[in-house]
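I opened the model to go through its sheets and helix packing. These are my entries, in the order I looked things up.

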Amino acid sequence: TERHHLICEGEKHMILYHGSNVIVQEPQILENGFYKDFGYGFYCTILEKQAKRWALTKRRKHIVNFYEYSPDKSLNIKKFSEMTEEWLQFVVNCRLGLKHDYDVVEGPMADDTIWDYVEDYMAERISKEAFWELVKFKYPTHQIVFCTEKALQTIKFEGSYSL
């Protein structure tokens, strides 16, 4: 069964998923390629189906890795429980390459369709109101990114499987 909830403060030992084309036993923060929604880091999700979608976009192999996550309250964590004005500005800033100082960032994902809307909004082709109207009906998404070495220590590789 899939879990469609954000990681709560009190919960321990959540399972997170990461879609890839390789087994990732030791996650790393890769600072290359395009800027992502929440900046550079190691991206996971609580939604197994979403991790499968990520894996299927990869060439050759399609692997879902899973990890045990033990939240550390001493880390600087930013959570967006839904798409808000603050979330939109944060994604825009990160996609522009602006850095933030969070160890962990969690919230909805700007998938390709939503990213097209974000780009339209950034280029002033659509209004902010139109942006919110367009994204309102998208399926739930979730991502959590580990942005620092200290944050990576909160996840432990449990296993993987191929699709």
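**Entry 1**

In what order do the three strands of the open sheet stand, and is the pairing parallel or antiparallel? I found the order 1-3-7, with antiparallel pairing. I note that this is a predicted model, in which local features need pLDDT of at least 70, side-chain atom pairs count only at pLDDT 80 or more, and totals for chains, interfaces and linings use all residues. Residues are numbered from 1 along each chain as its sequence is written, and side-chain values use heavy atoms, with hydrogens and water left out.

For terms, I take helices (H or I, at least four residues) and strands (E, at least two) as DSSP runs, numbered from the N terminus. Two strands pair if DSSP finds at least two bridges between them.

The edges of this sheet are strand 1 (14-20) and strand 7 (155-162), each pairing on one side only. Neighbouring strands are turned by 25° against each other on average, direction ignored. For such angles, axes are lines fitted to C-alpha atoms, for helices over the stretch in contact, and angles run from 0 to 180 degrees between N-to-C directions.

**Entry 1: strand 3 and its partners**

I went through the bridges next. Strand 1 and strand 3 run antiparallel and are joined by seven bridges. Leu16 stands opposite Tyr67 of strand 3. Strand 3 (residues 63-69) is also joined to strand 7 by seven bridges, again antiparallel. On that side I picked out two pairs: Glu68 is opposite Lys156 in strand 7, and Asn65 has Ser160 of strand 7 as its bridge partner.

I then checked burial, where buried means under 20% relative accessible area, exposed over 50% and partly exposed in between (1.4 Å probe, protein chains only). Five of the seven residues of strand 3 are buried, so by the <20% cut-off the strand is mostly covered.

What lies across this sheet? Helix 1 (residues 48-56) lies across strand 1, strand 3 and strand 7. Helix 1 runs at about 15° to strand 1.

I found another open sheet, of four strands, in the order 2-6-5-4 with mixed pairing. Its edge strands are strand 2 (42-44) and strand 4 (77-79), each pairing on one side only. Neighbouring strands here are turned by 15° against each other on average, direction ignored. Strand 2 is joined to strand 6 (residues 143-146) by three bridges, and the two run antiparallel. Tyr43 has Val145 as its bridge partner in strand 6.

**Entry 2: helix 2 against helix 3**

I turned to the helices. In helix 2, I list Trp87, Leu88, Phe90, Val91, Val92 and Cys94 as buried. Their cover includes strand 5 (104-107), helix 3 and helix 4. Just after helix 2, Gly97 takes a positive phi of about 95°.

How far apart are the axes of helix 2 and helix 3, and at what angle do the helices pack? The axes are 11 Å apart and the angle is about 85°. That makes the two helices roughly perpendicular. The angle classes are roughly parallel under 35 degrees, roughly antiparallel over 145, roughly perpendicular from 65 to 115, and oblique for the rest.

Contact means heavy atoms within 4.5 Å. Trp87, Leu88, Val91, Val92 and Arg95 of helix 2 meet Ile114, Trp115, Val118, Tyr121 and Met122 of helix 3. By class, I get nine nonpolar, no polar and one charged residues. Here Ala, Val, Leu, Ile, Met, Phe, Trp, Tyr, Cys and Pro count as nonpolar, Asp, Glu, Lys and Arg as charged, and the others, Gly among them, as polar.

**Entry 3: helix 4**

The axes of helix 3 (residues 112-122) and helix 4 (residues 128-135) come within 10 Å and cross at roughly 175°. The two helices are therefore roughly antiparallel. Ile114, Tyr117, Val118 and Tyr121 of helix 3 make the contact with Lys128, Phe131, Leu134 and Val135 of helix 4. This contact has seven nonpolar, no polar and one charged residues.

Helix 2 and helix 4 pack at about 100°, with axes 12 Å apart. They are therefore roughly perpendicular. Glu85, Trp87 and Leu88 in helix 2 meet Lys128, Phe131 and Trp132 in helix 4. I count four nonpolar, no polar and two charged residues there.

Which residues of helix 4 are buried? They are Phe131, Trp132 and Val135. The buried residues of helix 4 pack against helix 2 (85-95) and helix 3.
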